Structures are given as C-alpha cells and as structure tokens.
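Me: I have a model to go through with you. Let us take the helices, then the sheet, then the pocket.

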Amino acid sequence: CLVTFTCAWHWGLLAGLLQFVVAPLSLTGAFIRLLTNVSDCILHYTCSFLAAQAFAGVALVLPGLKCPTLTIDVYFLAVFFAVDFLLNVFVHMNTSESFGFRRMVCHVAYGTFNTKTYFLVVLGCLLGFELDLGIVCVGSLLTKAAIYYGVYGRLLRLSRWPCFPICFYIEHRIGHLPVVYQNAHKMHHYLHDSTAFDAHIYGSGMNEEYFWILAETLPCLLAPSLFFPYFLNFETLYQSWTNKGAHTRSDEGVTVDTLGCFDEDNYHADHHELHRANFGSSTGALLDFYFGTQGSTTKGVSGLAYSSRIDPANPGHQIFRIERASGSNRAVRVPAPVGDKEEDLSLAVDAKVSSPKCRIISKQELSKKRSPAEGGLWVALHGAVFDLTSFHLAHPGGPQVILTHAGTDATSIFASVGHSKGAKAMAAKRFMGLLEGTSPTGFAAELLVQSQLPKEQGLCTPLLA
C-alpha cells in the first residue's frame, strides 16, 4: 500500500511480488483464486468493451454528447470506505449474533485490515483514473443481462469451463491443505469466526489477492477508454453486498427475509469455526454432501435440507433429496463463541493438574470421551491428551470444532489451523496424560521438556499449575 501511494503504480505491483518470497505457497492460493472467478472477469471486461464501443459509435453521430465522469481520487476513496463500513455495521446490527465488545473490536480491526488493503492497492494504482459513468452503467447492465438470459451459462458450457460452485469448492479445499493454508488462506480464518467486516468480494485472505489486483488494474491502466474496474460492476457490487451477510453468524429468528441476511442456516459461518467442513458456496452445498465434507450438524443451507441414500438399483450411485427444511431437518445452530478474549475465557476454568504423574491413556479410553455425558471431551494433540470439557463452550473458535473432534487425535486440524502460544498454554492447563503408542511432538514435547520430563519414563510434574 505504501509503495503504491508514494511511488508509481508499477512499483507497487512489483513490490507485491515480495509476498511470494515470504510465503511461497501463497502463489498457489493467489493463482487458483483468480481461476475461480476468471470467467466472471472476462465477462465483465467483454461487456465493458462492448459498452465503450457503443458509446464511441454514438459519439460519431452525436459528437457533442458526453457521459458524466467520476475521478478516482482521495475523496472517492474516503466515500467508498465510509459507505462500505456503514454497510458492515448495518448487516451486523440487523442480522448477527452478539460477539461481545472486545471480540467485535478484533473483528472490525482485523477484518478491515485483511479485506480493505486490497482496495487500497487497487485504488492506489488507479488514482486519477476517469470513470465514464455511461460505460459503467451500460457495461453493468450487459453483464446482468448475459447472466439473467442464460448467455453466460451457455458460453461456459460451450467452453467446458466449470461453473463457479465447482471452481470454488475445489479452490477452497486446496486453500485448506495444511501447508498451503499456512501461507495464504489462514489470513481469512485468523479469528476463527466471521462477521460482515471479515467479508471480501472473493472470500479470500490478503495473501491470495495478488493476481486479482493485476486483473483489476492492468486492463484499466492499459486501455482506460475501454475498461473500468471489475469490482465497480453493479453485479460485483451486489455480490460484495451478499457476501457480507454470508459471512455473518445469523441470530436466532433471522431469516432470508431479513435485510442483510444471506445465510440463515450459518452454513459458511460454521465453516469459519470448523475449518475443514462446509467448503462449498451456498449455491454449491451439494458438493459437500456428495463428498462428505459437510459439518457434523449441517443439514442444509438457505432453508433447504439435503439427504442422500444409495441407489438400490445401482449401488455405485447415490440418490440425493433436497427439500424445504423444517422441524428436525433444520440445521442444529452452533452458538457463537462467548467472551471477549482468550485470557478472560481461561479464568473460568480450573487450571490445576492434580496428579504429579503422567497417565498413559489408551486410544480406546480416548475414543469414549466424546461428550460431557460420556465422561468428558478429550482430545489428543501432538501425542498428549487434554480434557476440554469445561473449556469447549468458551473456545474462541467455537464449541463445535471441539465436539466434532472429541475422542480422536486432532493433531492435524490443530496444526493446520494454527494456534498462538497463549492457546497452546491454555491447552496445557488441561493436560491429562500421554496417548498410548505415540511420542510427544510439537508444543507438547516442548512443554514436557520445560517440565523436565524424561520422556522414556513417562513421569512428569504438572505442566502448568
């Protein structure tokens, strides 16, 4: 951002390449993020070109006729960000569950930083650009018409390019691969839940945006009389508006009839808690149910319930049923995380480890600890077992992810999501013993070393008292 505003736009774009040195696999995330919506981008610039040519033809007949223009300058930036902020406030106030003051401040601050730096770079590159409002309006209407009348869909079928729900599901699962995730998409999930302030046009993290920045700026800079930025297309602005509601954890009683609500079943909000579930868009949820990647309590999206069974006539096929959700078919609501920050949450839980010896816990015993009613919620992490029974409701990432992985070795999901030192310290306070047949690794091994535990003997003093 600084280079873009203090130097020329090309220096800003060149400086952006440094992210691939710091986070090499963000190159993968950034490229596939572009591919997911590249057909939309091509449609936009095609319609912009046609609109520009139409106005050029009119100008030959009526040389005195000119459309009004709008310059992208600091005042444009100020109005753009102010309107966006007010829309976020409205969506949150009108549709969202309560997050607590401090947690909400974190979402406002980090969400704005993660999503709006994209526009700072794009608009910084386009400072001084003259928007022909005639081209913007006609280009946007042509885009809408191409989608509404099926022209866009027919072109996709002719070109054999997959539609958005398929592209998004594939891209999203790749973005959540453990190694790739740490380099890019993690920035979008950093706070483990979602609000309107965390919504981006493309649902991406900061490290996934480089090629979209190029797609937004280069055509306009190279041919300013023919093109206007993709994000200012009316269709894209509408998608940006719906994405604010889709990234909001809808409150009880809020429905799609509520202005600003676009995910009454919290399908995508639950994805921000579960991380490895509900990868699809609200229009492509069937892919999650087909591949079995839906959340454990997820039954549908947008007021629809999904179910499947094996086709008795052809065991290799599945039959899916999609119906209006009601009663038991409604998704079980996952409550939003409570409290304001991790340090506050940990105060309510007894942090003492009572036994001076480390138990060796069998996998069979661990598998039985899947709910408070079954003796607790135990989870294995890096070879150590932790009792999260009294903590799961206060978990900053929400209780559902702990309920889903209780009674199992959740090392992979714990490592892929990424946790702070404070989070690992809180887990250590709930240490129960070592998992049979494994050796402590990662933060568990570090804690055992700190407590001067000879690993071979299986004896230890309390990790944190």
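Reply: Axes are lines fitted to C-alpha atoms, for helices over the stretch in contact, and angles run from 0 to 180 degrees between N-to-C directions. Helices (H or I, at least four residues) and strands (E, at least two) are DSSP runs, numbered from the N terminus. This is a predicted model: local features need pLDDT of at least 70, side-chain atom pairs pLDDT 80 or more, while totals for chains, interfaces and linings use all residues. Residues count from 1 along each chain as its sequence is written, and side-chain values use heavy atoms, without hydrogens and water.

Me: At what angle do the axes of α5 and α6 cross?

Reply: Take helix α5 (residues 74-95) and helix α6 (residues 101-125). Their axes come within 12 Å. The crossing angle is roughly 145°.

Me: Which strands are the edge strands of the five-stranded open sheet?

Reply: Two strands pair if DSSP finds at least two bridges between them. The order is β6-β10-β9-β8-β7, with mixed pairing. Pairing on one side only marks β6 (359-361) and β7 (370-371).

Me: Which residue in β9 stands opposite Trp378?

Reply: Strands β8 (residues 376-381) and β9 (residues 384-387) pair in the antiparallel sense, over four bridges. Opposite Trp378 stands Asp387.

Me: How much space lies in the largest pocket?

Reply: On a 1 Å grid over the protein atoms alone, a pocket is an open set of points where a 1.4 Å probe fits, with protein on both sides within 12 Å along at least five of seven lines. Grid points join across faces, edges and corners, and volume is the space filled by probe spheres set on them. The value is about 1,100 Å³.

Methods. On a 1 Å grid over the protein atoms alone, a cavity is a set of points where a 1.4 Å probe fits but cannot get out, and a pocket is an open set with protein on both sides within 12 Å along at least five of seven lines; lining residues have an atom within 4 Å of a point.
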